[in-house]
Amino acid sequence: MTYSVQIKQLDLAFGAVKVLQNLDLDIHEGEFLVLLGSSGCGKSTLLNCIAGLLEVTDGQIFIKGRNVTWAEPSERGIGMVFQSYALYPQMTVRGNLSFGLKNARLPKAEIEKRVNRAADILQIQPLLDRKPGALSGGQRQRVAIGRALVRDVDVFLFDEPLSNLDAKLRVDLRVELKRLHNQLQNTMIYVTHDQIEAMTLADRIAVMKGGKIMQLGSPDEIYNRPRNLYVADFIGSPSMNFLEGRLEGGNFKVDDMVMPMVGYEFLTPQTMDHTAVIGIRPEHVVTGELVRNAPLQFDVDVDLVEPMGSDTLIYAKLGQHPFRIRMDGQARVKSGEVLAIGIDPSRASIFDKKTEDRL
Amino acid sequence: MDAAKRPNKLFRNLNSKIASIPMILTVLVVFVGGTTWTVVHSFTNSRLLPRLDFVGLDQYERLWSSSRWMISIQNLAIYGICSLILTLVIGFALAACLDRKIRGEAVFRTIFLYPFALSFVVTGLAWQWILNPDFGMQSVIRDFGWTSFAFDPLNNPDIVMYGILIAGIWQGSGFIMVVMLAGLRGIDEDIWKAARVDGIPTWKTYVVIIIPMMRPIFVTALVLIASGIIKLYDLVVAQTNGGPGLASEVPAKYVINYMFQAQNLGQGFAASTMMLVSVIIILIPWAYLEFGGKKNG
Amino acid sequence: MADAALQDGPRGPKPKKSFSRANIFLYGTLLLVSIYYLLPLYVMIVTSLKGMPEIRMGNVFGPPMEITFEPWVKAWSEACTGINCDGLQRGFWNSVNILIPSLILSISIASVNGYALANWRFKGSETFFTILIIGAFIPYQTMIYPIVIILREIGLMGSLGGLVLVHAVFGMPILTLLFRNYFTSLPEELFKAARVDGAGFWGIYFRIMLPMSLPIFVVAIILQVTGIWNDFLFGVIYTRPATYPMTVQLNNIVNSVQGVREYNVNMAATLLTGIVPLVIYFASGKLFVRGIAAGAVKG
């Protein structure tokens, strides 16, 4: 398998503050990789390092097998799309698209050809002679993508490109972006803090925290088999329920409740007893008829009900512990009720209390 | 260039360094170099030409025993304190008036600020004419019948600094008003709404809420006024040329006189070093308040 | 930003009735204060339009009974400084000759420098900038004499070129601050996009930054025109009588001890010297305010 972008032992420090630490990342040819994390996790910093907009402190960056650690941004074979679009306000759309090509001293005919091709792909032909100020947010972002497209590059970098758009437009452009990736088959590296964007777009997601990659994997892996407590907590909305207890001989014990972990795939055979944390996603809890078939069954006291149209969110108490359950939008539950729930241990996650790693 | 190797530090960002050469030269040669040179030469007995013939603190002793210097310092103190207080009060009061959704705000603002566009020389000469005892304000008021009226500051050594003060405030207060107005406009309108909901009277809102919120603006205004006061030179030269006698001498003028007319460079250097010291005394507490606190917190 | 804030509406409470007591007091105060501010300009104008006999007998505040433009003509082309009697026009043209190169030199240096400080920081650039800003507070008096020596060494002492250099040096702190803050306020992503597009230091400056910074250039020009035109200290020290700028010549004309004092000519000369910055001020209006507010509040 060929790698499109390889990052080796990358360090970046601003003075004493280490923003990226000993970071390794291999990105496959044609892959859509999403860097996901909350603000300050270093995801945008990493992207800027790949683009050459920040000087790394140590380590190396390869693009298409070429060491570009110290190359100028324009010499790296990358195109970049920014959150604020960053269109040059005094130039027309055509001027924006051709600025980079003119700097590269391409012949006029070639520039013309590439601008038109990009405009066709993105359906912005009628806008070519307008100034960015006269465009809507969605149109601007399309031009910004076009500016990366005309460069005919191997790697596209997206820095939160949809964050400035309103919710509806964001969904539309998300779909378009996915279609564009299917069509172009370029490598795309995409930074976002929005997990829906990450889940929907990515071939693989790298969840970052404190300048480190917490987990790198497919959306499915990230969601279903989080490698550590942080990823488990970060992914999913509403977030996972965590209960602290002890893992003893394949049984998880919380207070006086015992959960036999039937069907749970431990990473390593568990021979010792552990203080551990079990994580159960609110949407993996079953209610009603289905409880009977569930391996584990409990009763919870309903505290608060939040109907959200498509779903209903239940805030309940499992013993002493707060416990969230996501139910169907049609669920008729009232606060104060006792609700029978069922849990499937094979869909849960167990983490070591101390290391916070998945067991 | 080989992209795999870290490029030479000196040549990285080379264009930016070239573009900064004028700044670097200015800072090193003029600001740091020039100031150091003057301070060093203030310990010499340079007269017509600068010489490195060190005489210790002789120049400073002579300076502080010179009655002309003492008058200059006194004058600057009078002018400085009055100008500081009056400019701040007038500037804030006018800004507060203009901020009360009045009609013709732009007209008033234009009127209050236009003197700031004029030079101190023009300011000084204009007020010299208005305060002229024979034809100016004094004579006009006497002509109205108040024959004993006397206001001749430019020829009365006791009050000459106040004559200069009138002109100085006329020139500079509009500017402080604009700074204050910008500060008032920077205050969230919700603050006013909240104060009104709470039933706080307008004057009290200013005193208790607005002025404390504008602390940084007041500090900035203070620094601006103070740095202008120490530079006071052109206005005095134009309006009184230090007269009558030595009654309106100021330190900046003392320095220029000793450097370029009395051909006593060492005295000029010592006096200018004292000016520098006084600026440092003003600036250090300010810089400490503005920047020192942030580092600790 | 303070200058942006100035363009919003007023924030204070609106006076309730138009003829309330508070309102009358408010407008009364403003009008009274306006008289103080307008009086000198008015007196200068009426004096400059009167003949000397009328001044000697008359009221300094009274309008001219007989309007004469002779003092203006005399001030412009005949007023004497020492033995020269060719009027203020020499000073005017000297000032123009000082102003234009100073303006171009100081603004081009400061804008490029501000751009470098905003977008292309290098090790030590912030340190130099900090010293530059501190330098703005150093009294000129401590740097004046070393500059005399430097100018003498490079052969520019007493020439217009020397004064131009001095203006560029002392204009640098405030102008650099102005441009640096402006360029910093532009979205950084724009700069990044241009770098990805292969534009270099000068390419980004000329193709991206300059076209976006017209307002700040106007502000800088206003600031410098008034500052350089109104300068007195540097003019006195670094030029010779033949190259004196207008302010210095004006002071010499008005405060000359020889001959009879012609107050009308003096006032005409004073007004002539004040006209350039006044025109700039009245023509630029809000931008002038914006300039001094932006420069000052951040300084």
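Predicted model: local features only at pLDDT ≥ 70, side-chain atom pairs only at ≥ 80, totals over all residues.
Two strands pair if DSSP finds at least two bridges between them.

**Stop 1: strand β19, chain A**

Select residues 338-343 of chain A, which form strand β19. Show the side chains. The covered face holds Leu339(A), Ile341(A) and Ile343(A). The uncovered face holds Val338(A), Ala340(A) and Gly342(A).

For one of the contacts to look at, pick Val286(A): its bridge partner in β19(A) is Gly342(A).

Next, select residues 296-307 of chain A, strand β16. This strand also pairs with β19(A) in the antiparallel sense, over six bridges. Click on Asp301(A), whose bridge partner in β19(A) is Val338(A). Both Gly342(A) and Val338(A) belong to the uncovered face of β19(A).

**Stop 2: a four-stranded sheet, chain A**

Stay in chain A and find the open sheet with the order β2-β1-β4-β5. Its four strands pair in the antiparallel sense. Which strands form the edges? They are β2 (17-28) and β5 (66-67), each pairing on one side only.

Then select β1(A), residues 3-14, together with β4(A), residues 58-63. Five bridges link this antiparallel pair.

**Stop 3: where chain A meets chain B**

Show chains A and B together. Five residues of chain A are in contact with five residues of chain B. Sorted by class, the chain A side has three nonpolar and two polar residues, with no charged ones.

**Stop 4: chain C as a whole**

Hide the rest and show chain C. Expect 15 helices and zero strands. Its C-alpha atoms fill a box of roughly 75 × 65 × 35 Å along the principal axes. Of its 299 residues, 49% count as buried. Among contacts between residues at least 6 apart in sequence, 74% join residues at least 24 apart.

**Stop 5: helix α2, chain C**

Select residues 21-48 of chain C, helix α2. This helix has 28 residues and reaches 40 Å from its first C-alpha to its last, close to the 40 Å expected.

Where does α2(C) bend? Go to Leu38(C): the bend there is about 45°. A proline, Pro40(C), follows within four residues.

Finish by colouring the buried residues of α2(C). Pro40(C) is one of them, along with Leu30(C), Met44(C), Val46(C), Thr47(C) and Ser48(C).

Note on methods: Residues numbered from 1 in each chain as written. Chains lettered and ligands numbered in written order. Contact = placed C-beta atoms within 7 Å. Nonpolar A, V, L, I, M, F, W, Y, C, P; charged D, E, K, R; others polar. Helix = DSSP H or I, 4+ residues; strand = E, 2+ residues; numbered from the N terminus. Expected span 1.5 Å × (residues − 1). Bend = angle between axes of the 7 residues up to and from the residue. Buried ≥ 20, exposed ≤ 12 C-beta atoms within 10 Å, placed from the backbone.
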